[in-house]
Amino acid sequence: MKTFDQCFSAHFETYKKSVQKQTGDARLGIFLNHISPVIGRLNMDEIRVQQLRPIFDKLEHQGKTKTLHKTHEIISQIFDYGIVIEECCEVNPAHPIKRFLAKHVEVNHPFLDESQIPKLFTQIRSKGRLSVQAKVALLLITYTAVRCNEAVKAKWQEFDFESRLWSIPAARMKMRNDHLVPLSKPVIDLLKSWKLKSKNSKYVFPKLNISNKHDYMQSWCLSRAISHTEFYKRQTVHGLRQRFSTSCYESNLWRDAAIELCLAHKIGGVVGVYNKAKYLEERRKIMQWYADNVQIWTKGFIADSELSA
């Protein structure tokens, strides 16, 4: 017979190899904090709904609905693993519970109206205490709508200025798929200038101080910069992706699928299954169109003297 702890450990050895370390650490944390103390020592074939209810009831009472659903997902996967791989149980008692869990309402990252973006960047420039490198990183995120983690860990080898493409490897993407980012002219000009100015590093944004355990710049400094402005809690770095999405949709110029691919979102339904088009040329136009707006919003954010070699 196998206990839940034993089954989780066996499954986790395979799982952690297919995800980023932070994702694996998050799953392990949920297991250790919420699951193992309650059912970890119980045999898989002895666990029933009654043993699972205290886990979910406690999380719901605490208002941790996101953790609640993630915990259910983990428990359910372990039971499926036990049924199919370990053959140590015959039923998944977590399945019928799902429909009775409290719903989780996802709160979107706040973002400003287009008319307020210029003031945001003006205040970040004057109050944000950002290095030139951090300013370039923030502009890159604003222009391309990539996630912060995808930008700060970027390597020069990922950029092809001739083809005007940035190839982000699957290992750094949320959906674990390679992602192509068409580069607008302002982005290429910005990166070329920064490459001449920056340190001799494989990273576009190498670490800023010796205490940083990583070889690349940390993203928290970008969030901190916004917190020094009047727009704290009204705009986040991730919210720049929402600003991009909203601007694109409100323009009524572009196909939905092309916009979603710019954001590296999975396209659902029949379209997502059968339409393999990458809309690359349309995405190039979207990025250049949006860059024209960003140039107006961020004018003067980086002085020419800051990028001169």
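How many disulfides does the count come to? I applied the rule that a disulfide is a pair of cysteine sulfur atoms within 2.5 Å, and the count comes to zero.

I noted that the model is predicted, that local features need pLDDT of at least 70 and side-chain atom pairs pLDDT 80 or more, and that totals for chains, interfaces and linings use all residues. Residues are numbered from 1 along each chain as its sequence is written, and side-chain values use heavy atoms, with hydrogens and water left out.

**Cysteines.** I looked up Cys-148, which is in no disulfide; its nearest cysteine sulfur, that of Cys-221, lies 7.9 Å away. Cys-148 counts as buried at 16% relative accessibility, where buried means under 20% relative accessible area and exposed over 50%, with partly exposed in between (1.4 Å probe, protein chains only). For Cys-248, I found the closest cysteine sulfur in Cys-262, at 6.4 Å, which is too far for a bond. Cys-248 is buried, at 0% relative accessibility.

**Helix 3.** I took helices as DSSP runs (H or I, at least four residues), numbered from the N terminus.

I then recorded Leu-52, Ile-55, Phe-56 and Leu-59 as buried in helix 3. They lie on the same side of the helix because they cover an arc of only 85 degrees around the axis, taken from the directions from the axis to the C-beta atoms. On the other side, Gln-50, Lys-58 and His-61 are exposed.

Just after helix 3, I noted a positive phi of about 75 degrees at Gly-63.

Key
Helices (H or I, at least four residues) and strands (E, at least two) are DSSP runs, numbered from the N terminus.
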